[in-house]
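Thanks for coming. Please have the sequence and the model open while I talk.

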Amino acid sequence: MSRFSPYFGEFGGTYVPEILVPALDQLTEAFESALDDPEFHQELGKLLKHYAGRPTPLFEATHLSPNPLVRIFLKREDLVHGGAHKTNQVLAQGLLTQRMGKKEIIAETGAGQHGVATAMVAAMLGLKARIYMGAKDCERQQPNVYRMKLMGAEVIPVHSGSGTLKDAVNEALRDWAANYDSAHYLLGTAAGPHPFPHLVREFQRIIGKEAKAQMLEAIGRLPDAAIACVGGGSNAIGLFADFIEEKDVELVGVEPGGEGLDTGKHGAPIHLARTGILHGMKSYLMQDSDGQVEESHSISAGLDYPAVGPQHAYLAQTGRAQYVAVTDDEAIEAFKTLCRAEGIIPAIESSHALAYALKRAAEATKEEVLLVNLSGRGDKDLNTIMTLEGLQ
Amino acid sequence: MSLYNALFARLKANNEGAFIPFLTLGDPDLETSFEHLCLMVENGADALELGMPFSDPVADGPTIQAATLRALGAGTTPTKALALIRRLKDKYPQLPVGLLTYANLVFAAGIDQFYQDAKAAGVDSVLVADVPIKESAPFVAAAKAAGVAPVMIAPPNASEATLKAVAELSEGYVYLVSRAGVTGTETAAGKPLGHIIDTLKRFESAPVVLGFGIGEPSQVRAALAAGCDGAISGSATVKAAERSPQALARFVEGMKAASR
Ligand SMILES: Cc1ncc(COP(=O)(O)O)c(C=O)c1O
C-alpha cells in the first residue's frame with residue numbers, strides 16, 4: 001500500500017487517460033522506494049551540495065524593510081545553480097528517471113526555469129531532454145530558451161491555446177502518453193496527477209527545512225509568517241512543508257493578480273475557489289460556467305497558470321494557509337525596490353511574494369518577522385523589464 | 001434491450017462488425033455538423049461516437065484538437081452539443097450514440113446532472129477520456145443511475161486487474177485503444193491485441209471496439225479478424241469531413257463495407 005493518499009481532502013487524484021496509469025504507478029513505486037533508500041538520499045544529498053550549491057543562505061534584508069518594527073528574511077533560492085528553486089526537485093527526478101531505467105525526459109516549462117533546470121540535470125546525468133514551452137513564453141524568456149539549447153535539450157514551442165504553460169503541459173502529457181516506456185515526464189511543479197504533488201513537495205521540502213534551522217540560528221525563533229509566490233505551487237509548498245505543523249507560523253501564498261482580480265486578467269485560481277479537473281488533478285481551476293478552462297494572465301511566465309497544486313487548494317480550504325494576490329504593477333515595483341535596496345535582482349515570480357511582504361511590513365503596527373522565499377533570480381526577466389521601461 | 005445490444009446482436013447475426021465514425025460536435029459549426037452526422041448515418045455508420053468540445057483535449061492529437069478549436073470558436077457549448085444529439089436522435093431513434101468528453105465538463109455540470117442531461121438528449125453511452133478506472137466510481141454510478149452506459153478504455157499496456165475492472169464496469173462496448181499515444185492517424189493502429197481481447201472476453205466484457213489510428217478499410221478488416229466487434233475511426237473521419245461532404249460520405253461507405 002502506498003504511503004501517500006492521492007487526495008488532499010477533496011483535491012488531487014489521478015485524472016489521466018487510462019494508458020498513463022501504469023506509468024504513474026511505476027513512478028509512485030520508484031519514488032517511495034527511493035525515499036526508503038539511504039543510497040538514494042546520499043547521492044541526492046551530494047548533488048544538492050556540490051552541484052546545486054545547497055544550503056542556500058538566509059539573508060536579512062535590512063535595507064528593504066520599510067518599517068523598523070518588521071524584519072524581513074530572504075531564503076535565497078535565487079542562488080541555487082540554475083537560478084531558481086526548480087533545480088532541487090529536478091535533481092531528485094533525474095535520479096528517479098535513472099532508477100526506472102529510462103533514458104529520456106519530457107518536461108514543460110513556463111518561465112523556462114524548470115526547463116533550464118531539467119536541461120542542466122539531463123546533461124549532467126546523460127539523459128535526453130525534450131522540453132515543451134508555450135510560444136508566448138519562448139518570446140518572453142528567450143535567454144532561457146537559449147540556455148536550454150546550449151545544454152543539449154530540444155525545446156519545442158507550443159502554439160496551441162494561449163501559448164503558455166497550460167498548453168505546454170498538454171503537449172508534454174501527449175508526448176508522455178506515446179512514449180512512457182522510454183521517457184519520464186519530469187513535471188515541474190507540485191501539481192498534476194498523483195504522485196507528482198507529493199513527490200515535488202518532498203523534494204522541495206529542503207527549502208523550508210533549511211530556512212527553519214537558519215531562522216532559529218539567526219533569531220532563536222520561527223518567523224511570524226512564511227511567504228512565497230504560487231504558480232503551480234512548488235516553491236511555496238517547499239517552503240511551507242516543514243512549517244505546516246508549526247501552528248504559530250502563518251503561511252501565505254501569493255497568487256499573480258495580473259491586471260487586477262476584478263479585471264478577469266489574472267492567474268489566481270485559489271482566489272476564485274472553483275474546483276475543476278485539469279492536468280490530472282482536481283483542484284481550483286479558472287474556468288467558465290461550462291467548465292472550459294480559461295486563460296490566465298500574469299506578467300510573470302512562471303505564474304501564468306490557470307490551476308494550482310491540490311495541496312494548496314486544500315490548505316486554502318482548511319484555512320491553514322492564506323492566499324493573497326499581487327498585481328503585475330505591484331510585483332514590478334517590488335522587483336525594483338529589492339534591486340535598489342539590497343543589490344539583488346529577483347525573478348518577477350518571487351517579486352510577487354516580496355510585494356506582499358513589503359505591503360504587510362508597511363502596515364505593521366507591531367514587531368514582526370517575515371520569511372520570504374526568493375524563489376529565483378531575475379536575469380531571465382530583464383527583457384520583460386526593459387520592454388516595460390521602453391528600453392527595447 | 002439497449003441500442004448497443006440490439007446493434008451488436010444484429011451485426012453478429014449478419015456476420016458483420018460495427019463501423020463507428022467519430023466527429024466533434026459543432027465542427028465547424030452546428031448546422032454543418034448536423035449535416036455531417038446525418039450523412040454518416042445515411043452512408044452506413046452503425047453507431048456514432050461524438051466529441052463534446054473541451055478547451056484542453058489532452059487525449060487527442062492535432063486533427064481532433066483542431067476540430068475542437070473550430071467547434072469552440074463557432075460557439076459550441078455542452079448544452080448546444082447535447083441539443084445537436086437530440087436533433088439527431090429524433091431523426092434516427094434506433095442509432096446508438098456515444099458521447100466522448102473530458103472530466104471537467106462532467107464535473108462542472110455536476111456529475112449526476114451531466115448524465116441526466118445526456119440521457120435526456122438521447123445519449124446511449126459516455127466515455128470520459130481522462131477518467132481512468134481508479135477515478136471512475138462516481139462517474140460510473142451517475143451513468144448507471146441515469147441509464148447511460150459508461151464506456152471504459154482498455155489500453156494496450158493494461159494489467160489483467162485493470163482489464164477485469166474494465167470488463168466489469170464498461171457497458172455498451174469497451175473502447176480498446178490500439179496503441180500508445182493520443183488520437184490521430186499520424187501513428188497507425190498497433191498490432192492486433194489478441195491477448196487483450198481474449199482477456200476481456202474471458203471476463204465477459206461488452207463488445208470490444210478498436211480505436212486510435214484507424215483510417216483505412218484494411219484496418220477495419222484486421223480489427224475484426226483479431227476478434228474485435230467493431231472499429232472506431234476519429235481523426236481520419238474528421239479529415240474526410242474537412243475535405244467535403246462527398247469525401248465524408250465515401251469514407252464512411254468504404255469503411256463500413258470493410259466491416260461486412
Ligand atoms: C523563479 C520562479 N519562482 C516561482 C515559479 C513558480 O513555480 P512554483 O509555483 O511551482 O514555485 C517559477 C516557475 O517557473 C519560477 O521560475
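I will go through the interface, the ligand, the salt bridges, and then some backbone details.

First, how to read this. This is a predicted model, in which local features need pLDDT of at least 70 and side-chain atom pairs count only at pLDDT 80 or more, while totals for chains, interfaces and linings use all residues. Residues are numbered from 1 along each chain as its sequence is written, chains are lettered from A and ligands numbered from 1 in the order in which they are written, and side-chain values use heavy atoms, with hydrogens and water left out.

Let us start with the interface. How many residues does the contact take from chain B and from chain A? It takes 34 residues from chain B and 32 residues from chain A, where contact means heavy atoms within 4.5 Å. The size of an interface is often given as the accessible area lost when the parts come together. Here chain B and chain A bury about 2700 Å², with 55% of that on carbon and sulfur atoms. Buried area is the accessible area (1.4 Å probe) that two parts lose on being put together, summed over both.

Two salt bridges are counted between chain B and chain A. A salt bridge is a side-chain nitrogen of Lys or Arg within 4 Å of a carboxyl oxygen of Asp or Glu. B:Lys134 forms a salt bridge with A:Asp25, with the closest N and O atoms 2.8 Å apart.

On the side of chain B that touches chain A, helix H3 (62-73) and helix H5 (103-109) of chain B each supply at least two residues. The largest share, five residues, comes from H5(B). Helices (H or I, at least four residues) and strands (E, at least two) are DSSP runs, numbered from the N terminus. By class, this side of chain B has 21 nonpolar, seven polar and six charged residues. Ala, Val, Leu, Ile, Met, Phe, Trp, Tyr, Cys and Pro count as nonpolar, Asp, Glu, Lys and Arg as charged, and the others, Gly among them, as polar.

Next, the ligand. Which of the 18 residues around the ligand come nearest? They are A:Thr189, A:Gly233, A:Ser234, A:Asn235 and A:Ser375, and a residue is near a molecule or strand if one of its heavy atoms lies within 4 Å of it. A polar side-chain atom of A:Thr189 lies 2.5 Å from an oxygen atom of the ligand. For A:Lys86 that distance is 3.1 Å, and for A:His85 it is 3.2 Å.

Now the salt bridges over all chains, of which the structure holds 40. One of them joins the side chains of A:Arg130 and A:Glu104 (3.1 Å, N to O). A:Arg130 lies in strand E6 (residues 128-134) and A:Glu104 in strand E5 (residues 104-109) of chain A, so the pair ties together parts that are 26 residues apart in sequence. Both A:Arg130 and A:Glu104 are buried; buried means under 20% relative accessible area, exposed over 50%, and partly exposed in between (1.4 Å probe, protein chains only).

A:Glu210 sits in helix H8 (residues 196-219) of chain A. Is A:Glu210 buried or exposed? At 13% relative accessibility, A:Glu210 counts as buried. Its side chain makes a polar contact with the side chain of A:Lys75 (2.8 Å). Also in helix H8 of chain A, A:Arg205 and A:Glu202 are three residues apart, separated by about one helical turn. Salt bridges that share partners join A:Arg54, A:Lys75, A:Glu77 and A:Glu210 into one network.

Last, the backbone. The peptide bond from A:His194 to A:Pro195 is cis, with omega near 10°. In chain B, the bond from B:Asp27 to B:Pro28 is cis, with omega near -5°. A:His279 has a positive phi of about 55° although it is not a glycine, and A:His279 is buried at 7% relative accessible area. B:Asn15, not a glycine either, has a positive phi of about 60°, but B:Asn15 is exposed, at 68%.

Conventions
A polar contact is a pair of N or O atoms within 3.5 Å; within protein, one must be able to donate a hydrogen and the other to accept it, and residues adjacent in sequence count only if both atoms are side-chain atoms.
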